[in-house]
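Subject: Structure handover

Hi,

Here is the structure I promised to pass on. My notes follow just below it.

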Amino acid sequence: MSFFYLNAVKGDIPVHLLETVVMKRLEYLESIVKSEANAYNEYVVEGSVYDVVGHYTLCIVAILEGREEFKQYIIRGEDMLFMRRLKALSAYDLRCFAKKLLRIIRKLCSELHCLKPLRALCRHLMLRDMAHHVSSICAENCSVHTLSVSFKHCLAFVAKRQVVLENGVAHIPCSKWKDYLLNLFHCNLKNRLYKIDISGLRHDPRVTDLLRKVGKEIAPLNRFNITVLRSLDVDVASKMFPPCMLHLHQHLRNTHRLTHDQRFYYSLFLKDLGMPVEEAIMFWREEYQKPPNGKSACCHNWAKDEKKFVYGIRHMYGLEGGRKEYSCRNCHQIQNCDTVYSEGGCPFKSFDDNKMEEILNISKTDPVLSQINELRAQRKYTSACVTLLQNRNANKPQSVKGDGMNFNFTPLKYYLVLTNSLTSS
Amino acid sequence: MAEQHDENLLPEMLPLYYTRHFPQNIFCRWLACGSNPKPLSNRELSFTLADDVYLRYLSINDQKEFQTLLQKKCPQKLDIGAVYNIKPSIGRHDAVVLARELVFDIDLTDYDEVRTCCQQAKVCDKCWKFMVVACEIIHTALQDDFGFQNILWVFSGRRGVHCWVSDYEARTLDSPGRAAVADYLCLITGGENLNKKVHLTNDLHSSIRRSLTIIDKYFEEILQDQEFISSTEGLKSFLKMIPDEALKTLVEGNLERMHKSSLERWDGFVNTYSQYCKENINAIRKMKYLIEEIKIQYCYPRLDVNVTKGFNHLLKSPFSIHPKTGKVSVVFKPEQAKSLKLEEIPTIYSLLDDGAPDNVQHQSNMRVAVKNFQELVFSLEKAEAIRRKNDANASILEF
């Protein structure tokens, strides 16, 4: 069995032992995510039965538990564990790892997307001089050896321009092979957690017991009180908005217009805050009936486009068209959506320093600002926002565990934490 | 040349245009080929009729049905959508998207913060040069880096261009794949609250180097046309792109004293920068590629990434008529983009009016555009036939 977890292991295990294996694994992953030193854990010995069983069962728990932040948390933990193990392999161990994977792949019945490139990479790694090179000699920009795969098999590298492309083929240099292995592992794991349907297991008593045990351990962020938000309450409520939404609100009040995407994001945010559809229509009508103040890329007005607006708002609430209900974008999505003409975006990422300080409304001498700027320099924009939130929330009695926040952080969560609407289960 | 045209005449003229000039046969062949292995009827089309009436989930079985539909509905806007698992008119919201050309949309309004000759809906031959650069950079990247062969470039009708990649690999590319291609090509990030929108890291990727070579071919010309840093405001925006305060002050001082010509000021900037870097070795670390970053912010293609990332986004069809300008969304070859003159683009008015002064020229240009379209569709059909044959052979071998 391999710690790449390409296939599960067969056998029987007492339920109480299964629970122990899973809980110990979760504990181990927690310490890895926090970058704490971890003691030897007999349940997480790489490639052992407990290790594989623990991984797959934890995946089942993550899928059925349902919460996005838990899935992301597990993925982060497993990714970090994989990388730690990979880096610790000697040249000989690396060859064994590659050969074992090739044997498993040969016997696999399913057609996983990552198998082709994985097989190609393992064929390289099982060769003595390649394994030796990758384990010891290979420096940061080394490209003595290259692996050629279709660009479709290394999208993460392509998106960041970290690999040379030629005619649809990506040439991955040996210095990036370990990162590429991690990427393949990550994609395989994501597939497992997001694309597999195991709803049939939901009522299995062994699983429900386990789910309950795990549920007690992880940060209880799931209960919150949402009251009705009326159009005339928004100005007062905006004092608790996260910087991104506060900026959009102010921009709207000042210019009476928002471009399409920003209008969409802000509407979703207000909806998630509890604004009913009739109040939403009133809210936007009030702004769009006024003429735009200054130059705006948005050319609409209420008189001309009322029907379109009302349809659009109702569509968002799942009352028209496909009847799909939309919810507010998360921070990751907002950060990756900045277009050139956009008046919005994540202030920590897409605003100049002085514009950001303006919307954050903190003085240049405030120590939290330097913390925020340091995180921004490391491209940890969500962490910067969480830092701001914790700073603002410090005096309140209830503060939620810090590390749970960075996973699937959303503007809504910011608001809920700040207004103390979050209650533990 | 008729600048004033009456939009109210469109309902009478469109049926004639669709019958006489719109290349229905090649259009249907292009869509059918791109819908393969599904039939043409699984492709979604949408019409916008007069009075903004919007019809979605339309589909056609063949050209004859298309012709009838065009005559019956006479759409003012014609958009093309994705290929679904079932006929969209039946499946509607529940239909699943299977494939769609990889598309790009470049609009000159996204250059409003850098172009000085025009703003918003206005466009001229000077700012058209940005499109020439964009076509060359994107086309080369799509061919050389991604290996795509069937790349269609279309004038969007007013102030931009669309690009449709019909290769099988592109059509079947999923959402994450499209996002990756868009991110690969996107170098300018940040909205109106960010002054410096380009940040290049230590090792310039080969595609960035290549793009800079292409930009350099046109940079001086564009600099002279646009005079980016001649006005006080232009100079101010330019200075905001310099991350080092000391250098910024130095450049401001030097440039303000100089003649207004942007070309001279640019050379002045380059000299000041080079001198400053020689004297301050630490500065190099922070601003190693400042000149390149500025060139890219001024000239590199500004894509609407949402259009590329979206799988079922409906995009305007080639050869449709733009209701505001009357211009035909003509197909052009990227290497001919430089010689494309905006007033030589055929319009529905000049095509249908034999007495119009530009009738002959526009008709001729229309024929060229249709021929460009035809060539691409033929080569697409050939490529598809070869692909199908290879797939068939491969499955025989497996068996």
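Helices (H or I, at least four residues) and strands (E, at least two) are DSSP runs, numbered from the N terminus. This is a predicted model, in which local features need pLDDT of at least 70 and side-chain atom pairs count only at pLDDT 80 or more, while totals for chains, interfaces and linings use all residues. Residues are numbered from 1 along each chain as its sequence is written, chains are lettered from A in the order in which they are written, and side-chain values use heavy atoms, with hydrogens and water left out.

On to the second largest pocket. A pocket here is an open set of points on a 1 Å grid over the protein atoms alone, where a 1.4 Å probe fits, with protein on both sides within 12 Å along at least five of seven lines; lining residues have an atom within 4 Å of a point. α2(A) gives the largest share of the lining, nine residues. Helices α1 (15-33), α8 (177-195) and α9 (205-217) of chain A are among the others that supply at least two residues each. By class, the lining has 20 nonpolar, six polar and five charged residues, where Ala, Val, Leu, Ile, Met, Phe, Trp, Tyr, Cys and Pro count as nonpolar, Asp, Glu, Lys and Arg as charged, and the others, Gly among them, as polar.

Now the interface: 35 residues of chain A and 43 residues of chain B take part in the contact (heavy atoms within 4.5 Å). Two salt bridges cross between chain A and chain B (a side-chain nitrogen of Lys or Arg within 4 Å of a carboxyl oxygen of Asp or Glu). One salt bridge joins K308(A) to D52(B), at 4.0 Å from N to O.

Cheers
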